[in-house]
Structures are given as C-alpha cells and as structure tokens.
Amino acid sequence: MTAAVPLPQGPYTPRATPLDLPPTGLPPTSRTVFSAAHVVADPYADISPDDPAAVDWESTLAFRRHLWSHGLGVAEAMDTAQRGMGLDWAGAAELIRRSAVEAKAVGGRIACGVGTDQLPQTTEPTLAEVRAAYEEQLALAEENGVQPILMASRALVKAAKGPEDYLATYAYLLRQASEPVILHWLGPMFDPALEGYWGSTDLDEATDTFLKVIAEHPDKVDGIKISLLDAAREIDVRRRLPGGVRCYTGDDFNYPELIAGDERGFSHALLGIFDPLGPLAAHAVRVLDTGDVTGFRALLDPTVELSRHLFRPPTRFYKTGVVFLAWLAGHQSHFTMAGGLQSARSLPHLAKAYELADGLGLFPDPDLAAHRMRALLATNGGAA
C-alpha cells in the first residue's frame, strides 16, 4: 500500500488500484460526446507569461490520441485549451491544423473553436471587423476538414449595440458556413468579458435571441453548446430547439442528469470535465447506450464533486486543475501552463483535487500520482 500523502487537509492514503478501463476506440452511439482538450506547454521555453504560448506539440497531440482511443470526440482550441487565456489565435490555428491531421490519421471525431481573438483586445472593433475575423477562422476550420464551433466573441460584445447586431452577425456567418456548425454560448462565469452576450444581461431575453438565430437557420446549425451552469435553463432551451438540432451540455455542474435526460429529451455533451474524466466518461455513456440509466448515473454521479471543485469560482481557472490532473495521471511530464496559469489555484485546492480524483480511480498509476503530489507539496514548503 502506498504511504499516506501529507495533504494540507490531513494525511491521505491513496487508492491501491485504479479503474480498469482499457481503450476500445468505440464511440458512444446514443449520445455525441466531445471532450474539450487542454494544451501541454513547453516547460523549457524561455518566455514570459505575456509572450505567445510555447506548446509541447508531441504531448499535446498524444493527449488527443488518448481521448480518441476511448471513443470520445475532441473539441479543439476551446476554452479548455486556454483560448484567450494563454493561447492566441496563431497558436490556436496551428493547434487546429495539427489536430486535424491527427484526427484523420486515427479516424477520430473533431470540432474546433472559431472566434475573433485575432482582433486587438485594446481597441473597439466594428461589426465588419468582427465578421471578417470570424470568417478567417471559419475558413481555416473548413480548409482542414474540421467541424466549426462558433465561439462567443469578446469583440462582438464590444461592437454590438443590441440583439439585432447579434442576429445579423450570426445570420451572416451561418450563410457563409458550408456545413452545419455548433453554436456556443459561454457564460460570464467562464469569461467575464462575455457579460451581456446576445445583447442583454437578462437571460430570458438573451435566450430568446439565441433561439431566434437557430430558428431562422436550422439547416446550418448541427447543435448548440450551453455553458451557463444552469440545468433548468438548458432543459428549457433544448425543449425549444427545432427538430434535428442537438443540445450539447457544457454544464460541468449538472452533466449526469442532463446527459441522462428525461421523457422529453436529453443533452449530448461537449465538456471540459471530460478531459480528466475521459476513459470513465466514455465508459459511462456506453453503459447508457444499453439503456441502463441507473448504471450510467452510478458511474458518473460520483464525479460531480470533483467537477464542481475544479470549476468553483473563479470558474475560468478550472484549466489549472485539469492540467494538474493530467500531470498526476502521467499524460505529461510537468505542471507548467501557458501564461503561467499553474499559479491560478492554491495548493489546498490542488490537494483536494488530487484526493477526489484518486478516490475515483482516475490515475492509471496511483503511486506516480502520489509521488508527484508529494513533490509538489515539498517544493511549496510542505512535508515531503
């Protein structure tokens, strides 16, 4: 048995054996499931936090192959990849190109974030500039054979005067798209600069505008991803969608119940928490494929405590916990992040994340995870 780890909250004895969930390569059949994937920084790059991210491409792509091997789709260059928080458009574009090649090589499903982050953050853009920025990124996605996810735009918040500007902008973009896209509504808890998206801080009014975009262009919308951490609102929205338009939950607090669904429907998934939960999440949804809702919930419900911990306010720093767990799990050799974001969570927060993840059996090598946790504690002045 591995010796106890001296966590700030008290000694913790690691789990002896991990979950046995070998990769099958088989995607779920009853739900479409994407994991938003993190990027692995190059720890030896001589850069400052304000410099463009230096990416360890080999480790970054290896993690995507890990997700595909378990049958999950990869949502690329999204919030989880530190888009706009360490990863600029040039880095995201290269990430999309490289991941598209890998996806084709292994037959993995991939979609990617399309936004406006090449625009300067310090200026007031026009609506024409916002449309042009979106078009540039949309073209890159389509050139690389990747399904676009139209991400919420900080620049559009600045440029839009009201709901009509959102309606016109999205109508223009959907007409440009050659294939159906996924629309993304990211709430201000994930990015404060997105407050008032869809032209209103009143969520009922914003929801009506969002649904109007879809209702006017249902043939160009594969689905919508909602990241508001509000299960009741997501259920209301998915019940109001046109036939054939999917709802992808981005609710990292309530995903088991939303994916399981009810007598009137269910949500598919596009989740950041499925980065650390990959093998377990894929297995749980395959259980759901058999119609075993109870078995699905028995597998996924216990993971919610970890997810709520990682995504607690300030929610936008959840990426720190995601990358931390990837390091403990052996998917990368270090705990360094683009923009120095490894410092965004406290040592007690990370220690609790380790304890919860280990308790779920998420670490393929519990001894390695315990060793790395002890090393982190010792480096930061704790007991070794």
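Seven residues make up one aromatic cluster: Y134, Y166, Y170, W185, Y197, W198 and F210. They belong to a predicted model. Across the whole structure, a search finds 18 aromatic pairs.

Take Y255 and F274. Their ring centres lie 5.9 Å apart, and their planes meet at 85°. Angles over 60 degrees count as edge-to-face. The Y255–F274 pair is therefore edge-to-face.

Now turn to F311 and Y318. Their aromatic pair is stacked. The distance is 4.2 Å centre to centre, with 15° between the planes. Both F311 and Y318 are buried.

Here are the two pairs side by side.

| Pair | Centre to centre | Angle of planes | Arrangement |
|---|---|---|---|
| Y255 and F274 | 5.9 Å | 85° | edge-to-face |
| F311 and Y318 | 4.2 Å | 15° | stacked |

Charged residues meet rings as well. Which ring does the charged end of R31 sit over? It is the ring of F266, and the charged end of R31 is 3.5 Å from the centre of that ring. R131 lies over the face of Y172, at 5.3 Å from the ring centre.

Definitions and conventions:
Residues numbered from 1 in each chain as written. Predicted model: local features only at pLDDT ≥ 70, side-chain atom pairs only at ≥ 80, totals over all residues. Heavy atoms only, no water. Phe/Tyr/Trp six-rings, centres within 6.5 Å; stacked < 30°, edge-to-face > 60°. Buried < 20%, exposed > 50% of the residue type's maximum accessible area, 1.4 Å probe, protein only. Lys NZ or Arg CZ within 6 Å of the ring centre and 35° of its normal.
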